[in-house]
Amino acid sequence: MVRLESMSEPERKMLLGFPCLSFDTSPWVAGPPLNRRRVAIITTAGLHRRDDRPFQLDPNDSYRVIPGDVSAADLVMSHISAGFDRTGFQRDWNVVFPLDRLRELAAEGVIGGLADFHYSVNSARKSEFFEAPAREIAGLLKQDGVNAALLFPV
Amino acid sequence: MEEAGIPTAGISLVRPHTETIRPPRALWVPFEMGRPLGTPDDAAFQRRVLLALLRLLEAPGGPVLEDFPEDAPEAADEATVLACPVNFARETDESEEADPLLASLRREMTALRPWYDMAVNRRKRTTVGVSGIGLDKLADFVYAFVRGEEPPNPRDDVGLPYTLKMAVEDLKAYYIEGITAQPGQAGASSRKLNDWFWGDTVAGRVFLKLALVCEASPDEMMHAMGSHFLVPHDVAQRHAE
């Protein structure tokens, strides 16, 4: 499938040319075994409920909340980029937002359970705008009892 | 997040970026952008990716960057021939519409409708409708811009360039959801679908025109839509050549 080496030169250059932050620290939080983890999804795909406000390029408007009981029919995408595949999501939301798969794993007891709320951001913004919302979302996840956040980019 | 006390594990699509960022736990996957779980409609494969990601949470220390060992299943490309239901070469017709391209776009949309309806019925969902503009009005709304007009914005919560962008994505989603519901097309790769959309459909041709019109706009956001956000770069480049 598509790997960096199989992309066209301009595509690859553009992708690798995106500014990318580096960090001096390597924070690490341990946690319980998987079957006691309460899991939340963080997606950068610009997803939200159908009635929610669409994403725009507004640095002050950072995330949308996706309730844990959301249905596939209610989740849509308003990411501004034309640079990633949407045909997968159009056929099956799990290829971007694997909530059905996580629900199955929770029902089987592989993971402890799922968060009441998941979060979505629109990745078409500068990295430095993410720190404040990331800290805010971390606080909200704590209140939700989450001890595993899974990050899914597009 | 980790600093704030939440254990995290993330999918990595662009490995060099992840090597620079050094997040606590990352699973690099050899999948295309837009498909972090690899492939649609393959629960077993998605589950393997998810389990590999979850297992990183059990690593004793990090940062951990692992490679997922499987490529996404190959789409059955060779067997897939996407055919448009309408003959677009025939741009003049007996309809009263003065603009043959708009007439063709409408005809093409109508011809796809049974398959779009089938798709919605089968999948019990659609990603169309984000713009809030009804299917019957999408073509006219988008085409007004091609004509150089500025139609009234049907939304009061986002600017006109954003409404246009959402309308374009709605139309594209309508086509992709519809065509992938046809017999034998379920396994079409994204490349095949994109080649079809941008190369063989009237809608694709209309959008390429639309991007040029928007690019010439004095409005900064409309210009950005035309130059970056309506048509993928590789498609724009191919068609400029």
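Hi everyone, let's start with chain B: the C-alpha centres of its domain 1 and domain 2 lie 31 Å apart. Those domains cover residues 10-67 and 100-240, with bounds taken from an automatic or database domain assignment.

A quick word on what we're looking at. This is a predicted model, where local features need pLDDT of at least 70 and side-chain atom pairs count only at pLDDT 80 or more, while totals for chains, interfaces and linings use all residues. Residues are numbered from 1 along each chain as its sequence is written, and chains are lettered from A and ligands numbered from 1 in the order in which they are written.

Now to helix H7 of chain B, residues 202-215. Helices here are DSSP runs of H or I with at least four residues, strands are E runs of at least two, and both are numbered from the N terminus. The axis of H3(B), residues 100-123, comes within 9 Å of the H7(B) axis and crosses it at roughly 135°. Axes are lines fitted to C-alpha atoms, for helices over the stretch in contact, and angles run from 0 to 180 degrees between N-to-C directions. That angle makes H3(B) oblique to H7(B); under 35 degrees would be roughly parallel, over 145 roughly antiparallel, 65 to 115 roughly perpendicular, and the rest is oblique.

Which residues of H3(B) meet H7(B)? They are B:Leu101, B:Ser104, B:Leu105 and B:Glu108, and they meet B:Val202, B:Ala203 and B:Val206. Contact means that the C-beta atoms, placed from the backbone, lie within 7 Å.

H4(B), residues 135-146, also packs on H7(B), at about 45° with the axes 8 Å apart. That makes H4(B) oblique to H7(B). From H4(B), the contact uses B:Val142, B:Tyr143, B:Phe145 and B:Val146, and from H7(B), B:Val206, B:Lys209, B:Leu210, B:Val213 and B:Cys214.

Finally, let's turn to the partner chain. In chain B, 67 residues are in contact with 63 residues of chain A. Elements of chain B that each supply at least two residues to that side include strand S1 (8-12), helix H2 (43-55) and helix H5 (160-179). S1(B) also runs parallel to strand S7 of chain A, residues 148-152, and three bridges join them; strands pair if DSSP finds at least two bridges between them. Thanks, everyone!

Technical notes: Contact = placed C-beta atoms within 7 Å.
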